[in-house]
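Open your viewer and get ready to select a few residues by chain and number. We will go from stop to stop, with a word on what to look for at each.

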There are 2 protein chains.
Amino acid sequence: MIRQKLIDTIKKHNLIKRGDRIIVGVSGGPDSVALILLLAAISKEFSLKLHIAHLDHGLRPSSSKDRIFVENMAQSLEIPLTCAKISFKKTGKKGSIEELARNARFKFFFQVCRKFKARKIALGHTLDDQAETVLMRIIRGTGLYGLAGILPKRKFGSFCVVRPLIEIRRKEIEQFLKKKKIRACLDITNLQDLYFRNMIRNELIPLLERRYNKNIKEILANMAENTGSDYEYLLSRAKSLMPAKPDFELKKLSQLHPALKRLLLRQAVSLVKGNTRRITFRHIKEIEDLLQNRPANSIVDLPGTKVAKTEKRLIFSPKKTQ
Amino acid sequence: MIRQKLIDTIKKHNLIKRGDRIIVGVSGGPDSVALILLLAAISKEFSLKLHIAHLDHGLRPSSSKDRIFVENMAQSLEIPLTCAKISFKKTGKKGSIEELARNARFKFFFQVCRKFKARKIALGHTLDDQAETVLMRIIRGTGLYGLAGILPKRKFGSFCVVRPLIEIRRKEIEQFLKKKKIRACLDITNLQDLYFRNMIRNELIPLLERRYNKNIKEILANMAENTGSDYEYLLSRAKSLMPAKPDFELKKLSQLHPALKRLLLRQAVSLVKGNTRRITFRHIKEIEDLLQNRPANSIVDLPGTKVAKTEKRLIFSPKKTQ
């Protein structure tokens with residue numbers, strides 16, 4: 001049942017191809033343990049070459065136990081494993097611990113990819129993670145790009161992250177592990193936004209299920225899937241209008257449909273800044289205001305990005321961080 | 001302050017033009033009373049011809065009091081008034097009382113429009129209504145079309161409904177009326193989905209404000225505005241692909257981007273059914289399944305619509321209701 005759902009998701013979103021070399025992120029928590037078990041179970045059918053990557057964040061005292069658990073798992077499944085340990089103390093860098101941990105995790109996965117000549121990374125996000133993420137973003141404020149939630153498949157340069165469990169409920173995973181008599185470690189995937197996410201998970205979603213709609217998780221996941229597809233289409237249109245350098249003719253830009261214009265401005269920021277983290281709706285509104293209302297030679301300062309208006313153009317450039 | 005916000009909204013969404021003839025729906029509740037007062041206050045500046053329309057639903061024992069209140073108001077503002085009374089008992093028609101009331105209200109507004117040669121109807125929906133609507137739809141399940149919430153401006157055939165208060169908070173309206181020393185009637189605009197909406201209004205939104213984000217209403221209204229613009233763009237693309245009759249070439253339809261395809265299928269249903277009420281995500285999925293997977297000569301039965309697949313075409317036709 002869970003195996004078939006996994007295969008359906010893989011086919012629907014074209015996540016995995018026959019013969020793929022895949023780095024599987026395994027923290028030792030229930031989701032990632034189920035992921036590696038399920039991928040191992042279909043690896044013959046799909047001729048997969050799997051490799052486990054385990055990163056010890058060192059954020060919990062028991063983290064070395066997790067590593068030993070994953071080592072034993074890898075051994076019994078006969079899947080090669082790469083472990084690494086990082087520490088966050090006194091890095092002096094900007095950004096929250098969650099963002100640093102996320103960046104470190106991805107950096108590690110990409111390293112393992114390069115070493116083992118793989119381009120695909122599989123992660124254990126579930127339908128529950130999806131519902132929580134969508135709800136978190138709605139509550140904090142988002143647009144179409146955020147409503148799409150966690151994408152089943154996402155490119156990062158030449159690498160590709162896939163989430164084969166994204167349509168599977170956490171409770172199905174727990175049942176699966178129970179049947180297999182496997183006791184996974186405590187889940188630490190909720191490192192990001194730990195406190196806020198836990199409020200959503202343990203308080204808000206149960207209330208919504210009890211009083212408003214018992215299928216709220218599936219409802220939110222469906223919405224993410226649909227708006228994800230809408231976003232993908234809009235993004236493809238916006239990208240087709242993107243100049244080689246983030247430097248726009250004022251006249252052309254002003255005449256675009258507001259939806260395309262906003263997306264194009266976000267894309268321009270993304271191009272010079274490398275991502276759109278910390279870029280909010282208000283920032284985009286400010287660029288729109290610069291474009292529409294402010295005089296030539298005005299400048300807008302955003303996180304990591306500077307936008308300058310000249311007589312005829314709107315020019316985006318990176319800003320050095322102190 | 002509230003007057004300037006109203007004018008900003010009018011300009012931003014191009015709701016009202018100089019010299020407009022406008023039918024204003026006034027129930028006697030705070031929102032619609034504030035609306036008529038504010039429109040009366042700017043009517044010279046915009047050379048507006050206002051006309052009040054009041055419908056007595058007869059759903060509350062005190063409804064004739066509301067009518068008298070509105071009559072007095074119209075008299076003191078020197079604005080002409082048309083009243084009507086309807087009754088819902090034993091109509092024998094299908095549909096919920098909320099849907100019937102909504103249809104009756106719009107039918108009445110359109111009649112008044114025709115009689116007074118107006119094409120514009122102004123209604124008193126507020127930012128609070130917007131936030132509640134968006135949250136209701138998210139919880140019940142929706143796509144981009146539903147996330148857009150209550151549109152500031154919407155065409156119905158040759159008529160146009162505008163909502164000049166859509167960016168104004170209910171508490172600002174209450175302050176405004178208090179300052180004017182006007183005690184409006186009890187609000188009956190929440191006739192639709194009364195119970196569910198009141199749970200959202202009195203329980204869920206206060207919880208979200210208290211524990212998650214004190215600006216949740218503005219956040220939801222912003223999201224509605226943004227996704228509304230995204231939806232408008234997608235819809236314009238879908239409409240440009242719409243054949244004269246809802247009868248599609250299978251091959252062309254299959255090759256469209258999923259986002260456009262889904263929207264086009266919804267539009268086709270809307271064309272034959274007159275609206276997309278009671279059409280859910282599952283219904284659209286079923287048409288997609290018919291298109292993609294089922295053999296020729298298959299049929300899908302939806303509320304008010306029949307979709308037939310032939311060798312080369314997908315044909316939508318209306319279904320008679322019993």
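Start by selecting B:Arg278, in the loop between helix H11 (258–273) and helix H12 (281–292) of chain B. Helices (H or I, at least four residues) and strands (E, at least two) are DSSP runs, numbered from the N terminus. B:Arg278 has a positive phi of about 65 degrees, although it is not a glycine. Most residues other than glycine have a negative phi. B:Arg278 counts as exposed because its relative accessibility is 53%; buried means under 20% relative accessible area, exposed over 50%, and partly exposed in between (1.4 Å probe, protein chains only).

Before you move on, two notes on what you are viewing. This is a predicted model, in which local features need pLDDT of at least 70 and side-chain atom pairs count only at pLDDT 80 or more, while totals for chains, interfaces and linings use all residues. Residues are numbered from 1 along each chain as its sequence is written, chains are lettered from A and ligands numbered from 1 in the order in which they are written, and side-chain values use heavy atoms, with hydrogens and water left out.

Next, select A:Asn14, in the loop between helix H1 (2–12) and strand S1 (21–25) of chain A. A:Asn14 is not a glycine, yet has a positive phi of about 55 degrees. With 46% relative accessibility, A:Asn14 counts as partly exposed.

Is A:Gln267 buried or exposed? At 17% relative accessibility, A:Gln267 counts as buried. Leaving aside neighbours within four places in sequence, A:Gln267 is in contact (heavy atoms within 4.5 Å) with A:Leu235, A:Lys239 and A:Met242.

For the last stop, go to chain B, where B:Ile2, B:Arg3, B:Leu6, B:Ile7 and B:Ile10 in H1(B) meet B:Leu38, B:Ala41 and B:Ile42 in H2(B). The residues of this contact divide into 7 nonpolar, no polar and 1 charged.

Terms used:
Ala, Val, Leu, Ile, Met, Phe, Trp, Tyr, Cys and Pro count as nonpolar, Asp, Glu, Lys and Arg as charged, and the others, Gly among them, as polar.
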